[in-house]
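Reader: Can you walk me through this one? I'd like to go through it piece by piece.
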Amino acid sequence: MTKAAEIDIAAVSKIYGHTVAVDKISLKIPAGSYCCLLGPSGCGKTSTLRMIAGHESISSGDVRLGNTVVTDLPPAKRGTAMMFQSYALFPHLDLVDNVAFSLKMKGVEKEERRAKALEMLTLMQMEGYANRRPAQLSGGQQQRVALARALITNPEALLLDEPLSALDPFLKIRMRAELKKLQKTLGITFVHVTHSQEEAMALADLIVVMNDGRIEQAAHPREVFETPATAFVARFMGDHNVISGRVIENTPTGIVLEVLGGGRFAALGRQVEAGEPVDIAVRTDHVRIGETPAAGLGFTGIVSNVEYLGSTVKLVVAGGGIEDFTVILDDTAFFANPVSVGEAIPLSWEAPDAIVLGRMEK
C-alpha cells in the first residue's frame, strides 16, 4: 500500500482576470489525516482542491506533496487521485474497464489491469456488479466505482470534490461512514470539499473553514465547534450567536461590549482597545431561559419563533439590542415549561459560554 503524504500549501493564490478566487493561503495537511475544506459556494475550496490535484494552475505560491514540490507537475505525476462530483464514469464501459482505465492509459497489460480493477471493486464490495454498466447502478454504487477508479493508482492523497452531494440523505449518512472507514483502512491522506457542516464534523480530523478565498480557521472539529476563531466561523457553523458592538471596558479576563441598542455583554478572551469594534460568540445550546441573568451574561427578550426539531427545540428571541438570538433547548426541558411566540423571557448563560472572536485582517 502506498504511504500517505503530508500536503503543504504555501502562500497559494488563484486569480481569474481581476477576481481573486484564492488569496495567499497557507496550510499543512498532516499525512494520513482526513481533511475537509468547508465553506459556502464561491469561497475558494474547490479551486484549492483542483490546484492540489493539478487540474487548475497556481497563480502564485507552491504546493508540496511529501518532499516533492508538485506546483508545475501534471496531475498524473503528483501522486494524487481526484474523485469528481459528477463521478465521470464512462457509460459504454463495464465497471472493470471503468476502474482500470487509468492503468490502460499507462500501458498496463489487459489481464493485469483487469485483475487489479477487480481487486479494487472487491474492496468497495462491488465485485458482483463487475460486468454491469454505470447506468445500471444506483448513485451510491456509482460512487463506489468512482472511488475504486481513483484508488487504483495507489495515490498518496485522495481528493474528493463534494462526493456526497448527489446522494439522498439516508445514503449520505451511510456513505459518510464508509468513507471514514476506507480512509482509516488505507491510511492515506483524504482532502474532501463540502459545504455541509455536519459532513465535515462527522468525517474530518482537520476542518479548514474558508470564506472569500481565505482560511478563517483550520483546526480539529471540536475546536472549530467550541471555539470559533471569527464571526464568520461562528455564524457558518451555526452553534454560536454572534453579538457585535464596541468595547466599553477591559476586564482581567476579557472585555465588556455595548451593542447599538444599548445592551451590555461580557466575554472571555483577548482584550481589545476601548471604543474598538468587536464580535463575541455565545453558545446557542448553553443558554438558559427563565433565570435572571448576572450582569453582562444575558438579557430579557421577546420570542419571535419556536421550531420543534425532535430532540431539541429552537427559539429565536429579540431584545437587548439584538434582533435574532438563537436558543437551542433540550425538548424535555422545553416542554416542562414551554414558551410561545410574543412572550417575554429572561435569557442567561455562564461566563465561559461567551468568548471574544478574532477578526480577519483586510
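Reader: What is the bridge partner of Thr300 in β19?
Author: Pro346 is the partner of Thr300 there. Bear in mind that this is a predicted model.
Reader: How many bridges join β16 to β19, and in what sense do they run?
Author: β16, residues 298-308, is joined to β19 by 5 bridges, and the strands run antiparallel.
Reader: And how does β15 pair with β19?
Author: In the antiparallel sense, over 2 bridges; β15 covers residues 288-289. Ile289 has Leu347 as its bridge partner in β19.
Reader: Switching to aromatics. How many pairs?
Author: The structure holds 10 aromatic pairs. One of them is Phe265 with Trp349, which is stacked, with 6.2 Å between the centres and 20° between the planes.
Reader: Where in the chain do Phe265 and Trp349 lie?
Author: Phe265 is in strand β13 (residues 264-268), and Trp349 is in the loop between β19 (344-348) and β20 (354-356). The two are 84 residues apart, so the pair links distant parts of the chain.
Reader: Are Phe265 and Trp349 buried or exposed?
Author: Both Phe265 and Trp349 are buried.
Reader: What about Phe334 and Phe335, and why does that pair get its label?
Author: Phe334 and Phe335 are edge-to-face, because their planes are at 85°; the ring centres are 5.0 Å apart. Phe334 counts as buried because its relative accessibility is 5%.
Reader: Which residues form the aromatic cluster?
Author: Phe265, Phe299, Phe325 and Trp349 form one cluster.
Reader: Where does Lys14 lie relative to Tyr16?
Author: Lys14 lies over the face of Tyr16, at 5.0 Å from the ring centre.
Reader: On to helix α2. Which of its residues are buried?
Author: In α2, residues 95-105, the buried ones are Leu95, Val96, Asn98, Val99, Ala100 and Leu103.
Reader: What covers the buried residues of α2?
Author: The cover includes α3 (110-123) and α4 (139-151).
Reader: What happens at the start of α2, and what follows the helix?
Author: At the start, a side-chain oxygen of Asp94 comes to within 3.2 Å of the backbone nitrogen of Val96. Following α2 there is Gly107, with a positive phi near 85°.
Reader: Which residues other than glycine have a positive phi? Start with Lys24.
Author: Lys24 has a phi near 50° and is not a glycine. Lys24 sits in strand β2, residues 19-29, and is exposed, at 60% relative accessibility. Glu162 is another non-glycine residue with a positive phi, about 45°.
Reader: Where does Glu162 lie, and is it buried or exposed?
Author: Glu162 is in the loop between β7 (157-161) and α5 (169-186). With a relative accessible area of 12%, Glu162 is buried.
Reader: Last topic, cysteines. How many disulfides?
Author: The count comes to 0. Cys36 is in no disulfide, and the nearest cysteine sulfur is that of Cys35, 6.8 Å away. A disulfide would need the sulfur atoms within 2.5 Å.
Reader: Is Cys36 buried or exposed?
Author: Cys36 is buried, with a relative accessible area of 0%.
Reader: And what about Cys43?
Author: Cys43 is in no disulfide either, with the sulfur of Cys35, the nearest cysteine sulfur, 12 Å away. Cys43 counts as buried, at 1% relative accessibility.

Key: Residues numbered from 1 in each chain as written. Predicted model: local features only at pLDDT ≥ 70, side-chain atom pairs only at ≥ 80, totals over all residues. Heavy atoms only, no water. Phe/Tyr/Trp six-rings, centres within 6.5 Å; stacked < 30°, edge-to-face > 60°. Helix = DSSP H or I, 4+ residues; strand = E, 2+ residues; numbered from the N terminus. Buried < 20%, exposed > 50% of the residue type's maximum accessible area, 1.4 Å probe, protein only. Lys NZ or Arg CZ within 6 Å of the ring centre and 35° of its normal. Pairing = 2+ DSSP bridges. Contact = heavy atoms within 4.5 Å. Polar contact = N/O pair within 3.5 Å; in protein donor to acceptor, adjacent residues only side chain to side chain.
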